[in-house]
Amino acid sequence: SNFASGVKQEINLIYSIALAEPEESMLEPFHIVKASAEYDIAISIAVISVFLALALLVLVFVAYRVASSLIVPVLHLLQVLQDMNENRLEDDHLKEMVYYIGKSNVDV
């Protein structure tokens, strides 16, 4: 066969030879990075959980202190009003009430 008449030469890749590396060996360095990242994430979650638990305890303690500082004088005032309603109130009782309410505000 003579291809000299009317045939153009084209450069087409028909086959190639290459070195092949298995996918697992290519991904092996990333397994180490993935394990390290998962460990760091677990540590971060643990630290954040501890901080949230401590913050919750502080919040509950502060709420308890605020509620106590509000309820104690109000309960004493209720007792004074009940005594006034039953005509059991004396001047000494009024002085005690003023002292008690003033003392509770200082303790807060």
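Val58, Phe61, Val62, Val66, Leu70, Ile71, Leu75 and Leu78 make up a nonpolar surface patch, whose accessible area together is about 760 Å². Nonpolar side chains are joined within 5 Å, like charges within 9 Å. Areas use the Shrake-Rupley method with a 1.4 Å probe.

The model is predicted: local features need pLDDT of at least 70, and side-chain atom pairs 80 or more. Residues are numbered from 1 along each chain, and side-chain values use heavy atoms.

**Exercise 1.** Find the helix that holds Val58.

*Solution.* Val58 lies in H1, residues 23-85. Helices are DSSP runs of H or I, at least four residues. The chain has two helices and zero strands.

**Exercise 2.** Check the span of H1.

*Solution.* Take 1.5 Å times one less than the number of residues.

**Exercise 3.** Which residues of H1 are buried?

*Solution.* Buried means under 20% relative accessible area. In H1, Pro73, His76, Val80 and Asp83 qualify. Across the 108 residues of the chain, 6% are buried.

Notes: Patch = residues over 30% accessible without salt bridge, like charges linked within 9 Å, V, L, I, M, F, W, Y side chains within 5 Å. Salt bridge = Lys/Arg side-chain N within 4 Å of Asp/Glu carboxyl O. Buried < 20%, exposed > 50% of the residue type's maximum accessible area, 1.4 Å probe, protein only.
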